[in-house]
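Please keep the sequence and the model in view while reading.

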Amino acid sequence: MQKIMITGATGLLGRTLYNTLKNEFAVIGTGFSRAKKPILPLDLSDHQAVTAFLECHKPTVLVHAAAERKPDVCENSPEQTIALNVAASAFLATECAKRHIRLLFVSTDYVFDGHDAPYLESAVTNPVNLYGKTKQQAEQAVLAASPLHSVIRIPVLYGDVATLSESAVTVIATQLKADAQTSHDNWAIRYPTHVEDIAFTLRDLIKQPSELGGIFHISDVQAMTKYQMAQVMAQILGYPCELLLPLGEPTQSAAPHTIVPWPTRD
Ligand SMILES: NC(=O)c1ccc[n+]([C@@H]2O[C@H](COP(=O)([O-])OP(=O)(O)OC[C@H]3O[C@@H](n4cnc5c(N)ncnc54)[C@H](OP(=O)(O)O)[C@@H]3O)[C@@H](O)[C@H]2O)c1
C-alpha cells in the first residue's frame, strides 16, 4: 500500500489533502506552528530532522505543500522564504530521490509573468516577484533531482478556510461594505479553484504509474476577476452590487498569472 506524507498539512490546501487522501491511503501529515495530533510537527528548514523523519516513517510518496505563499510576506522576509521555498524543497527532492520516494511538489501560476496567459506546462517561466522566483527555483531543483518527481502548478485557491483572510478569494468578503463603495481589480483574470478539486486530482495522479513524472497544471475552468468574485459575494451577503467599483488597471505587482485549465485545451 502507498504511504503518503503531506507537508503543510495544517495549511489551506494541506488540510483538505490530508482529509481526502486518508480515505484511500496510509497518510502522515506534517505541519509547523499549528501542528497538533494527528498532524506531526516537522520544521522543514531543519535538514537533520527531515532526514530522520523520512528514515522513521518511510513514505512512498511525498506531497510537498508547505511554503511561504503570501507575496508580501516573501518580499519582507526573503531569507526565511528562500530557506523554506527553495532550500527545503531542494533538500526534500534530493532525499526523496535517494530513497525512491516519489515527490509531488505543489507550485503556483506565479512562476509566469501573465503576459501570454493562459499557459501550458511547456511554457517558459518568468516570475515577476520573489514568491514566484523561489517557486521557480524549487521547481528546477525538484525536476533535476529525479525524472519521477512532479511539479504541480495550481492557481488561486479557496475552500474550507480557518479564517476568511486565509484565502485570496474569501478575503474579498471581508473587504465588502453594506453601505459604502469598495474597489476591486477587474483586470487580472484568475481561475479560483477549490482545494477539494486539487486533492481529488492529486489522488488520481498518485494512483497512476510512478513513471509519470514532470510538470502538471491543475485548475478550475471558470475565469473570474476579483471584481466578479466580489459581485458573487455581495449577492450572497445581500449587499448592493452598485457599491462595487471595477478597477481596470493592475492593482498588484504581479501580472495575471493563469494556467490553462485542462478541459479548455485544443
Ligand atoms: N493558497 C493559494 O491560493 C495558492 C495558490 C497557488 C499555489 N499555492 C501553493 O500551494 C501550497 C499550499 O498553499 P496553502 O495556501 O495551503 O499554504 P498555507 O495555508 O499558507 O500553509 C502553509 C503551510 O506551510 C507550513 N510551514 C510554514 N513554515 C514551515 C516550516 N518551516 N516547516 C514546515 N512547514 C512549514 C505551515 O505550517 P504551520 O501553519 O503549522 O506553521 C502550513 O502548513 C504552497 O506550496 C503554495 O505555494 C497556494
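Predicted model: local features only at pLDDT ≥ 70, side-chain atom pairs only at ≥ 80, totals over all residues.

Seven strands form an open sheet with parallel pairing, and their order is β3-β2-β1-β4-β5-β6-β10. The edges are held by β3 (40–41) and β10 (214–217), each of which has a single partner strand, so one side of each is left without a neighbour in the sheet. Strands β1 and β2 run parallel and are joined by five bridges, and threonine 7 has threonine 30 in β2 as its bridge partner. Helix α4 lies across β1, β4 and β5, running at about 170 degrees to β4.

The residue ranges of these elements are listed here.

| Element | Residues |
|---|---|
| β1 | residues 3–7 |
| β2 | residues 26–31 |
| β4 | residues 61–64 |
| β5 | residues 102–108 |
| α4 | residues 78–98 |

In soluble globular proteins, nonpolar side chains tend to be buried together. In this model the largest nonpolar core has 26 residues, of which Ile4, Ile6, Val63 and Leu202 touch the most other members. At least two residues of this core are supplied by each of β1, α1 (12–21), β4, β5, β6 (150–154) and α7 (195–207), and the largest share, six residues, comes from α7.

Which residues does isoleucine 4 touch, not counting residues up to four places away in sequence? The contacts of isoleucine 4 are Leu21, Phe25, Ala26, Val27, Ile28, Val61, Val63 and Ile206. A second, separate core holds 19 residues, including Met5, Val50, Ala93 and Val151.

How values were computed:
Residues numbered from 1 in each chain as written. Heavy atoms only, no water. Pairing = 2+ DSSP bridges. Helix = DSSP H or I, 4+ residues; strand = E, 2+ residues; numbered from the N terminus. Contact = heavy atoms within 4.5 Å. Axes fitted to C-alpha atoms, helices over the stretch in contact; angles between N-to-C directions. Core = buried A, V, L, I, M, F, W, Y, C linked by side-chain atoms within 4.5 Å. Buried < 20%, exposed > 50% of the residue type's maximum accessible area, 1.4 Å probe, protein only.
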